[in-house]
Amino acid sequence: MLAADGVRITILVENWIDILIPGSEGISRRGLVFHFDPKEQTLLAENGLSLLIETFTGGKRSCVLFDSGLTADVIRHNFAALRLDPRDIDHIVISHGHLDHHGGLNGFLPSIGHPVPILVHPDAFLPRYAVMGTGEVAAYYNQPLDQEELKALGARFVLARDPVVVAPAVWSTGEIPRENDFEGPGTEGKALAYGPGIYQLVDGRYVYDEVMDEVGLAINVAGEGLVVITGCGHAGVINTVRRAQGITGVEELALVMGGFHLGFPGTPDEKIDKTVDALRTLGAKRIAPMHCSGFKCMADVARALPNAFFQYAVGTSITVGRV
């Protein structure tokens, strides 16, 4: 498989800003001086995810936007604050049809200034409902993911269930098989019939949402191994990594980052423990549990794998290989 010379991943949208975390080898931060400089725009955070992925191969640069956060205001603001140019984006990948991963698209697409392919699983467009334990309902919360509206703004949808090469040395995972016995969505919604949980309307039927539309990214970096990126990890971060290894044929892991979906209320401690144990076995050089991973997961990874764990924050850039 083709390998990139290097990749740089910049965190555009995330739940967390921390101006006191120092940089380190391969990791740059927008720290205290940046945030207090009146010539700079301070960064914004929100409950969402968006990453700019720049790959460098044979002297050429490719830019993939992975997810677009919850709102256009935050992603637009942070692009400007980080002095990044949306017009450089060659491709967009939307990890799945939950609003905190695609909500910024409608307001952000005009900033790109040219038609852009957007890879997404076809099931991401199915109407989704979230039912809370209180009885509150978030009805059809993914409705902004509207094909016709987004096409008018420059989207050129690529609907795929299987892996797709979106840039040199960059693969989408396609649909991720649930292969182990401790990952994937819980069964709360099934067990409680129409109780708390997330649901989809499929062929007119109201069914528990297994989030089969979630896809991740796999980037092969020469001399380093795979960079694996998850959106929310609904399929499980371990399942996602194994899928990435399977489609690329590359076993070595340079970096695993993204949402691990272990911070959801009611997540059993055993599930987190098994995930951390599996991460230890996989031997990734760097690991960043982000977004929906939850404090216990982050703390457990930091404690169990202190040399691999790194603390993310909005504005952080991590480089793997030569850029």
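Is leucine 20 buried or exposed? I found leucine 20 at 62% relative accessibility, so leucine 20 counts as exposed (over 50% relative accessible area; buried means under 20%, with a 1.4 Å probe and protein chains only).

I noted that this is a predicted model, in which local features need pLDDT of at least 70, side-chain atom pairs count only at pLDDT 80 or more, and totals for chains, interfaces and linings use all residues. Residues are numbered from 1 along each chain as its sequence is written, and side-chain values use heavy atoms, with hydrogens and water left out.

**Entry: leucine 20.** I located leucine 20 in the loop between strand E1 (6-13) and strand E2 (27-28); strands are DSSP runs of at least two residues, helices (H or I) of at least four, numbered from the N terminus.

**Entry: two arginines.** I placed arginine 128 in strand E7 (residues 128-131). At 0% relative accessibility, arginine 128 counts as buried. Its side chain makes a polar contact with the side chain of aspartate 209 (2.6 Å); a polar contact is a pair of N or O atoms within 3.5 Å, where within protein one must be able to donate a hydrogen and the other to accept it, and residues adjacent in sequence count only if both atoms are side-chain atoms.

I then turned to arginine 303, which is in helix H9 (residues 295-304). At 59% relative accessibility, arginine 303 counts as exposed. I recorded a polar contact of 2.4 Å between the side chains of arginine 303 and aspartate 300. The C-alpha atoms of arginine 303 and valine 276 are separated by 10.0 Å, and the two residues are 27 residues apart along the chain.
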